[in-house]
Amino acid sequence: MKIKSDYESPLVMEKIEITESTFRKKDVPLEGLELHVQADYNVKNICKDVYEIILITIVSDEDENIYVYVKGKAVFHTQQKNMDILEKNTIAIMFPYIRSYISIITTQPGMAPIVLPAMNIIAMINNQKNKN
């Protein structure tokens with residue numbers, strides 16, 4: 001099935017998949033835990049106008065009483081040459097899939113699922129670039 005739109009993006013996601021994931025929960029009370037989200041990414045040009053993006057997201061508390069690791073891979077086709085725009089847009093497109101996957105794998109009896117808040121992808125990418 002093909003869906004047409006007058007507003008098609010020049011950035012096309014060819015595929016997305018979860019390539020690795022881990023969920024661990026220790027047998028401790030969960031009340032009062034403060035979870036932190038870490039994200040890392042890599043963008044690689046695999047051939048003309050085709051890019052592979054790896055997005056790793058980790059959610060855990062300081063003592064790793066809850067630990068979630070998700071690695072996703074997507075392939076995008078675009079003629080966009082500005083890497084800054086390409087990184088921001090591809091990560092912004094991928095993140096909702098990762099966010100949904102984390103909610104699904106953490107839906108366990110006796111535990112509220114982890115629902116990540118919306119994230120400022122531009123700030124995340126700028127922060128990582130400033131660290132390097």
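A residue counts as partly exposed when its relative accessible area lies between the limits of under 20% for buried and over 50% for exposed. D84, at 29% relative accessibility, is therefore partly exposed. The structure described here is a predicted model.

**Salt bridges**

- The structure contains seven salt bridges.
- K73 and E17 pair through their side chains at 3.5 Å, N to O. This bridge joins distant parts of the chain, with K73 in strand β4 and E17 in strand β1 (residues 12–25), 56 residues apart.
- E17 is partly exposed, at 31% relative accessibility.
- K73 also forms a salt bridge with E52, where the closest N and O atoms are 4.0 Å apart. Because K73 lies in strand β4 and E52 in strand β3, this pair ties together parts 21 residues apart in sequence.
- K73 and E52 are both buried.
- A network of salt bridges links K15, E17, K44, E52 and K73.
- Within helix α1, D84 and K88 are four residues apart and so are separated by about one helical turn. Their side chains meet in a salt bridge of 2.9 Å, N to O.
- K88 counts as buried, with 15% relative accessibility.

**Largest nonpolar core**

- In soluble globular proteins, nonpolar side chains tend to be buried together.
- The largest nonpolar core has 26 residues, of which I53, L55, V68, I91, I102 and I114 touch the most other members. At least two residues of this core come from each of β2, β3, β4 (66–77), α1 (83–105) and α2. Helix α1 gives the most, with seven residues.
- Beyond its neighbours within four places in sequence, L55 is in contact with residues including A39, Y41, V70, I91, F95 and I98.

**Largest pocket**

- The largest pocket has a volume of about 180 Å³.
- Its lining includes V37, D40, I56, M119, N127 and K131. Six nonpolar, three polar and two charged residues make up this lining.
- β2 (36–47), β3 (50–60) and α2 (121–131) each supply at least two of the lining residues.

**Two individual residues**

- V70 is located in strand β4 and is buried, with a relative accessible area of 0%.
- Not counting residues up to four places away in sequence, V70 touches several residues, among them I18, L55, I98 and I102.
- The C-alpha atoms of V70 and T22 are 6.6 Å apart, although 48 residues separate the two in sequence.
- S100 is placed in helix α1 and is partly exposed, with a relative accessible area of 37%.
- S100 and V115 are 15 residues apart along the chain, and their C-alpha atoms are separated by 7.7 Å.

Conventions:
Residues numbered from 1 in each chain as written. Predicted model: local features only at pLDDT ≥ 70, side-chain atom pairs only at ≥ 80, totals over all residues. Heavy atoms only, no water. 1 Å grid on protein atoms, 1.4 Å probe; cavity = no way out; pocket = protein on both sides within 12 Å on 5 of 7 lines; lining within 4 Å. Points joined across faces, edges and corners; volume = space filled by probe spheres on them. Nonpolar A, V, L, I, M, F, W, Y, C, P; charged D, E, K, R; others polar. Core = buried A, V, L, I, M, F, W, Y, C linked by side-chain atoms within 4.5 Å. Buried < 20%, exposed > 50% of the residue type's maximum accessible area, 1.4 Å probe, protein only. Contact = heavy atoms within 4.5 Å.
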